[in-house]
Amino acid sequence: LIVRKLASFQCIEWTMSHLPRIAILGMGKMGAAMALRLRDNGHAVSIWNRSASKAAAVQAQLLAGECHVGESAAATVKATTADATVMLILSDTVTCNEMIDAIVDQLHGRIILNLTSGSPDDGRQVEAKLSVPELGLRAYIDGAYCGPPAKARSGSGVLFLSSSAPEEVDRLTPMLSALGEVAFAGPVGTSRALDYAVVDLALTCYTSFLSNVEMLEREGVDRAQLYEHMSKRIHALPAALSMLHARTEDRSDDAYLTHPVVTLATLHTWWTSRLPYFDRHAIPNAFPRFMASLLERAAASDHWEADVTRMQEALRPSTTIHDAKRPRNDGTMADSNAAAGTPDAVTTDTAQFRNWVQ
């Protein structure tokens, strides 16, 4: 070995006696952040990027874990152990599939961890491409990183993973935990759906905040008070969503009209009542008008007294709108009457939700 001592670090130049157990293909902001974080925690990595300078910049940092830059994607994977994990952090699924073609001869015995952005269908498409027995792939793990590159660099985000081989996820969790919390969601597709829902919730809250911030500042609302009460509502949000989700099981008109939590008419007034103020003060009104338009679609002219859960008619497929029973994920059937609950139970839930709204 050629050893160069610098400060308290030992920078060990690459030799075949120190094969890494991780290959990372794609040194964009997220890929670079993950490579650096893994190296922070002592993991040796083999990396590659189309623009060699980005990979070189990651290699140049003196960290606990060694770093090898491959001349090609295939060479990068070949330089790892026979059971290594190959992380794909690329721009899109088309590029991901092209990358798989480039490394196909190096996949035997290894694991693919695909963190390329995309939908559940994209994850399944890559899984199908890798399911050819002749490839000898040990396992395919699909995933999504919940958090920006800064979270990956500090190891404070969440890594949502899905696979038909959960035992391999368990085996890799100690290593992947360096990147943040590891959460197994289920079969391929679930991790991406979960990530969409969790991130969208935050982005929707932020969009709503931006829509109102001019009014808040104009009216002199105390920020500390604002954040205090926002925190209370957000803390109660999961329970409120769980209750509303149960009520969406029965999509009949009778169910929507039984003990409404809050009517579409009330919510429509809630959103449109601010429009004159916005117009008077030249505040963009795209967000409240968008919400009002969703309510108008859900009401469909003559359903204004329906429950808020009827908004799903504007946001979900309508093929099961009058079905009394629908299959659950576990294969059992969801009884619409049970979902709606007894009158007393619905009244209790309604009161709890109203407390949350108010």
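Visitor: Helices (H or I, at least four residues) and strands (E, at least two) are DSSP runs, numbered from the N terminus; so where is His259 found?

Guide: His259 is found in the loop between helix α10 (253-257) and helix α11 (264-272). Please note that this is a predicted model, in which local features need pLDDT of at least 70, side-chain atom pairs count only at pLDDT 80 or more, and totals for chains, interfaces and linings use all residues. Residues are numbered from 1 along each chain as its sequence is written, and side-chain values use heavy atoms, with hydrogens and water left out.

Visitor: What about the phi of His259?

Guide: His259 has a positive phi of about 45 degrees, although His259 is not a glycine. Most residues other than glycine have a negative phi.

Visitor: And why does His259 count as partly exposed?

Guide: His259 counts as partly exposed because its relative accessibility is 34%. Buried means under 20% relative accessible area, exposed means over 50%, and partly exposed lies in between (1.4 Å probe, protein chains only).

Visitor: Which residue other than glycine has a phi near 75 degrees?

Guide: That residue is Ser301, whose phi is positive. Ser301 belongs to the loop between helix α13 (286-299) and helix α14 (312-315). Ser301 is exposed because its relative accessible area is 67%.

Visitor: New topic: which way do the residues of strand β7 point?

Guide: In strand β7 (residues 111-114), Ile111 and Leu113 point one way, Ile112 and Asn114 point the other way, and all of them are buried. In a regular strand the side chains alternate between the two faces of the sheet.

Visitor: How many bridges join β6 to β7?

Guide: Strand β6 (residues 85-88) runs parallel to β7 and is joined to β7 by 4 bridges. Two strands pair if DSSP finds at least two bridges between them. Across this pairing, Val86 stands opposite Ile112 of β7. Between β6 and β7 the chain crosses through helix α4 (residues 93-103), in a β-α-β crossover that is right-handed. Right-handed here means that, with the strands pointing away from the viewer, the path from the first strand over the helix to the second runs clockwise.

Visitor: In what sense do β7 and β8 pair?

Guide: β7 and strand β8 (residues 139-146) pair in the parallel sense, over 4 bridges. Ile112 stands opposite Tyr140 in β8. The chain goes from β7 through helix α5 (residues 120-129) to β8, and this β-α-β crossover is right-handed.

Visitor: Back to α5, then: is Arg124 partly exposed or buried?

Guide: Arg124, which lies in helix α5, is partly exposed because its relative accessible area is 37%.

Visitor: How far apart in space are Arg124 and Gly189?

Guide: From C-alpha to C-alpha, Arg124 and Gly189 are 6.5 Å apart in space, while 65 residues separate them in sequence.

Visitor: With which side chain does Glu168 make a polar contact?

Guide: The side chain of Glu168 makes a polar contact with the side chain of Arg138, at 2.9 Å. A polar contact is a pair of N or O atoms within 3.5 Å; within protein, one must be able to donate a hydrogen and the other to accept it, and residues adjacent in sequence count only if both atoms are side-chain atoms.
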